[in-house]
Amino acid sequence: MRITNETKQGLIRLTLDETILQYTIEAEGIRWSGDLNVPSTFEDVDGCHLFTDLQVEHRSVENGVGSGIRSAFRREATPLFETFVWIEQASGAVRFEWIPLTECGIKNVCWPEPFDFVSDRSDWYTLIPNGQGLLVPNDWPEPLTSLPFDGMFLTHGCYMPWFGQVKEEAGYIAIAETPWNGRLKVDHAAPGATSAAVIWDASLGSMDYRRILTFHFRKECDYNELCRIYRTYVMEHGLAATLREKAARLPSVERLIGAAFVHTGIKTHVDPDSSFFDPQQSDKNNHLTTFAERQKELEIYEKLGVERLYVHLDGWAEPGYDNQHPDYLPACEEAGGWEGMRALSDSLHRQGYLFGIHDQYRDYYHKAPSYDADYAVQDPEGTYPQHARWAGGPQSYLCATQAPYYVRRNFQEILAHVPLDGAYLDVFTCNEGDECANPLHRMTRRECYEYRRQCFDWLIAHGILPSSEEVSDWSMRSLVFCHYAPYAFQLETPDAPRKGVPVPLFNLVYHDCVIIPWMMDRYPEQDHMLYALLNGGAPYVRRDPAYVGIDGAFAGEEISVEEAVERSKTVCRLHAQVALERMQEHHFLNGSYEQQETVFETMRVRVDLKAGTYEIFEV
Ligand SMILES: [Zn+2]
């Protein structure tokens, strides 16, 4: 069956081979064919099944907006689902819709199949929005067969819900328009071939909504053009606000532009029931620095001429870092209590600096006085996901339906004692949204992201700059800044093999929407300051890790405070200039992955990662 449509993007031809259910798309003569080695499948209680094992009827459809092929799948007399693959006239997009018909216990669907992408050329590459972004050339020697968080969209595994492939100059971007229960499956097992496809998971045990993956094909493009297509999609769908728009709601956004970041803490307490507990080293489990001591330490930045600074404070409350959330108050007594914390905040304000706290509304500690399993996330089997990985020991997850109540309760109390400029709500923009089957507060993953966003919006409405762990597509309407949004390799030990080439896919879409602080560690192989500059980001001038050896906290070269300040001033100057600008382009120079350039609206940044040098020009 064949459908041809003359669209805005030229002639697009869609062919379905009905015997093997293979789709081929020709977009202005460039051919993209489904990979027969990865057939479409679905999984239910009996295991994994091929689409080709079902009975199917196809028919061509032409409607007011386009034309395509509808396929109705059934098992004996029972209709299971339909697919509708159609070419949209106005945009030239090709939409793959999977449509459930009967509730039949499907757990996941792997459809459509990936395109055949076999070549050992380096100008054939796959784009993966893992962390800040990853480009996998087809000849890349290191295998990549899985992503963090199982490649789930809207997590660290895939900040944005799309992937793309480019062969020489022709390419496509595939946008998951229904991202909440989707994940990206990438397979680059060896040089010469890469496949990328989406797996759609059930929501609360049911495939109860239509899933849409939309392809935009271009005859001549690179990853910059594909990011521009996604930016257009985001803005057309109202999924993001720029920093200028956020500053209109919250003027203090302006004061964060060009600021350096300090990340430090007050109290560490590792619960004996935590996996981190080390019975041999009690000082590792428990230590404390008072508010007054931190205040004294932080005076150095004013002396060294730091104009703008944001201080993020961990472990500021009585239970200690990562303990007893969401019942975290009051301010740590032994460290100086509310008065000490207030004095620290006042001192920072006198210096013109900003002060914010670390907080947490997902990890639900069993040792929190108000802990009640009735408000914990319940899975459809009726059990409560739990573990004891972090300092506070055994925990479940607080159902996000409850999170805004706790945010309001806690912040009203905190603001009665200490004025805050910012607040960091941990893990919201790194970890997957939760689903909760408890009928008292049933919640889908899509709804979970809405509840998390309500927490950010509450902060904004009360003059507090909202922040979270990383960045994620769902948060871009409200999030002002984050802890970091690094390339995936920056979270691994410096000598770990690279799984591809880092490219700033996230910033090519969202640079002017969110402020990203960058790690400034310097290792013998590479100076991470160069990535901060390349990305037009903000610098960490000091970053005390909450846990050593994870989250990218490795021992780099010793850098004195004076030198750290000098380095951060360079990054701050550029950030002040470009924070509100789009990152328009990124390029590799001279055929080298080590030499890179980014272009903002008014500035151009070049780095040589091997030589450790950079140049900044006005455009
Ligand atoms: Zn719930």
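Domain bounds here come from an automatic or database domain assignment. The model is predicted: local features need pLDDT of at least 70, side-chain atom pairs count only at pLDDT 80 or more, and totals for chains, interfaces and linings use all residues. Residues are numbered from 1 along each chain as its sequence is written, and side-chain values use heavy atoms, with hydrogens and water left out.

**View A. Domain 1 against domain 2.** The assignment gives domain 1 as 2-236 and domain 2 as 485-542 + 555-619. Their C-alpha centres are 32 Å apart. Domain 1 brings 28 residues to the contact and domain 2 brings 31; contact means heavy atoms within 4.5 Å. Interface size is often given as the accessible area lost when the parts come together. Here the two domains bury about 2,400 Å² between them, where buried area is the accessible area (1.4 Å probe) lost on putting two parts together, summed over both. Carbon and sulfur atoms account for 61% of it. On the domain 1 side, Gln-132, Tyr-223 and Arg-231 supply 31% of the area buried against domain 2, more than any other three residues.

**View B. Helices H5 and H6.** H5 spans residues 291-303 and H6 spans residues 337-350. Helices (H or I, at least four residues) and strands (E, at least two) are DSSP runs, numbered from the N terminus. The H5 and H6 axes lie 8 Å apart, at an angle of about 10 degrees. Axes are lines fitted to C-alpha atoms, for helices over the stretch in contact, and angles run from 0 to 180 degrees between N-to-C directions. H5 contributes Phe-291, Arg-294, Gln-295 and Leu-298; the H6 side includes Gly-337, Met-341, Leu-344 and Arg-350. By class, the contact holds 6 nonpolar, 4 polar and 2 charged residues. Ala, Val, Leu, Ile, Met, Phe, Trp, Tyr, Cys and Pro count as nonpolar, Asp, Glu, Lys and Arg as charged, and the others, Gly among them, as polar.

**View C. Helices H7 and H8.** The axes of H7 (residues 403-417) and H8 (residues 445-461) come within 9 Å and cross at roughly 25 degrees. This pair is therefore roughly parallel. The crossing is right-handed. Among the contact residues are Val-407 and Phe-411 of H7 and Tyr-451 and Trp-458 of H8. The contact has 8 nonpolar, 2 polar and 1 charged residues.

View D. Most residues other than glycine have a negative phi, and most peptide bonds are trans. The Trp-111 to Pro-112 bond is cis, with omega near -5 degrees. Pro-112 sits in the loop between strand S11 (108-110) and strand S12 (124-128). Leu-329 and Pro-330 are also joined by a cis bond, omega about 5 degrees. Pro-330 is in the loop between strand S22 (309-314) and H6. Leu-21 has a positive phi, near 55 degrees, in the loop between strand S2 (10-17) and strand S3 (22-27).

Technical notes
Parallel < 35°, antiparallel > 145°, perpendicular 65-115°, else oblique. Left-handed = near helix turned anticlockwise from the far one by under 90°.
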